[in-house]
Amino acid sequence: MTVRLRRSVAGLAALALTAEGLGIALINWILGVVVRRQRMSLAGSDPRLMSLAAWIAGGLFALYLLLCAFVALRAALRDRPSRTAGRILLITCGVVHGLLGAFCVGVVGWGAFAAVMAVLALIVATLLAYDPERWNQPVEAAAPR
């Protein structure tokens, strides 16, 4: 994979994860506002507590996605593979997107599934493009024969 393509894929992954993180935060903020204003309750639970929980969960998940976006962006800007913690973070993000995609098919529909799978493809392509074992080999051994 060429340097330009590698950087583009990692940059697109970072952009998609940033948009997804901001979207998740916005959706959870709206859901929290709706629950609070409607005074909805589930089995007698406090609507303010449910609203706060939606905001906290959305904020934490958004921070997680933004951190994953930072790792992908850093790999794109430096054109070097992430360290072990960054790779583990991107791998967990890929697993989360796989599960989220399976959930989206049943609840939201095939369009959402396609969008989540596109982000998953960008994450996997970033992980494969910046394979640390390939980067640690001498130039002669890394070249195809």
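On a 1 Å grid over the protein atoms alone, a cavity is a set of points where a 1.4 Å probe fits but cannot get out, and a pocket is an open set with protein on both sides within 12 Å along at least five of seven lines; lining residues have an atom within 4 Å of a point. The model shown is predicted, so local features need pLDDT of at least 70 and side-chain atom pairs count only at pLDDT 80 or more, while totals for chains, interfaces and linings use all residues. Residues are numbered from 1 along each chain as its sequence is written, and side-chain values use heavy atoms, with hydrogens and water left out.

**View 1. The largest cavity.** Ala-75, Ser-82, Arg-87, Leu-90, Thr-126, Leu-127 and Tyr-130 form the lining of the largest cavity. Its volume is about 40 Å³, a volume being the space filled by probe spheres set on grid points that are joined across faces, edges and corners. The structure holds one cavity of 30 Å³ or more. Helices α3 and α4 each supply at least two of the lining residues; helices (H or I, at least four residues) are DSSP runs, numbered from the N terminus. The lining divides into four nonpolar, two polar and one charged residue, where Ala, Val, Leu, Ile, Met, Phe, Trp, Tyr, Cys and Pro count as nonpolar, Asp, Glu, Lys and Arg as charged, and the others, Gly among them, as polar.

**View 2. The largest pocket.** The space in the largest pocket is about 150 Å³. Ala-19, Glu-20, Gly-23, Ile-24, Ile-27, Leu-100, Cys-104 and Val-116 line this pocket. Helix α1 gives the largest share of the lining, five residues, and both α1 and α3 (84-107) supply at least two. Six of the lining residues are nonpolar, one is polar and one is charged.

View 3. The 36 residues of α1 (residues 3-38) should span 52 Å at 1.5 Å a residue, and the end C-alpha atoms are 52 Å apart, which agrees; the expected span is 1.5 Å times one less than the number of residues. Among the buried residues of α1 are Arg-6, Leu-17, Glu-20 and Asn-28, buried meaning under 20% relative accessible area, exposed over 50%, and partly exposed in between (1.4 Å probe, protein chains only). Just after α1, Arg-39 has a positive phi of about 55 degrees.

**View 4. The largest nonpolar core.** This core has 13 residues, and those with the most contacts inside it are Leu-17, Tyr-64, Cys-68, Cys-93 and Ile-123. Helices α1, α2 (47-78), α3 and α4 each contribute at least two residues to this core, and the largest share, five residues, comes from α2. A nonpolar core is a set of buried Ala, Val, Leu, Ile, Met, Phe, Trp, Tyr and Cys residues joined through side-chain atoms within 4.5 Å.

View 5. Asp-79 is placed in the loop between α2 and α3. Phi of Asp-79 is near 55 degrees, a positive value in a residue other than glycine. Asp-79 counts as buried because its relative accessibility is 11%. Ala-102, by contrast, lies in helix α3 and is exposed, with a relative accessible area of 54%.

**View 6. Confidence along the model.** The mean pLDDT of the protein is 88, and 90% of its residues reach 70 or more; pLDDT is the predictor's confidence in each residue, from 0 to 100. Confidence is lowest in helix α6 (residues 139-142), at a mean of 54, and highest in helix α4 (residues 110-129), at 94. Where pLDDT is low, the predicted coordinates should not be read in detail.
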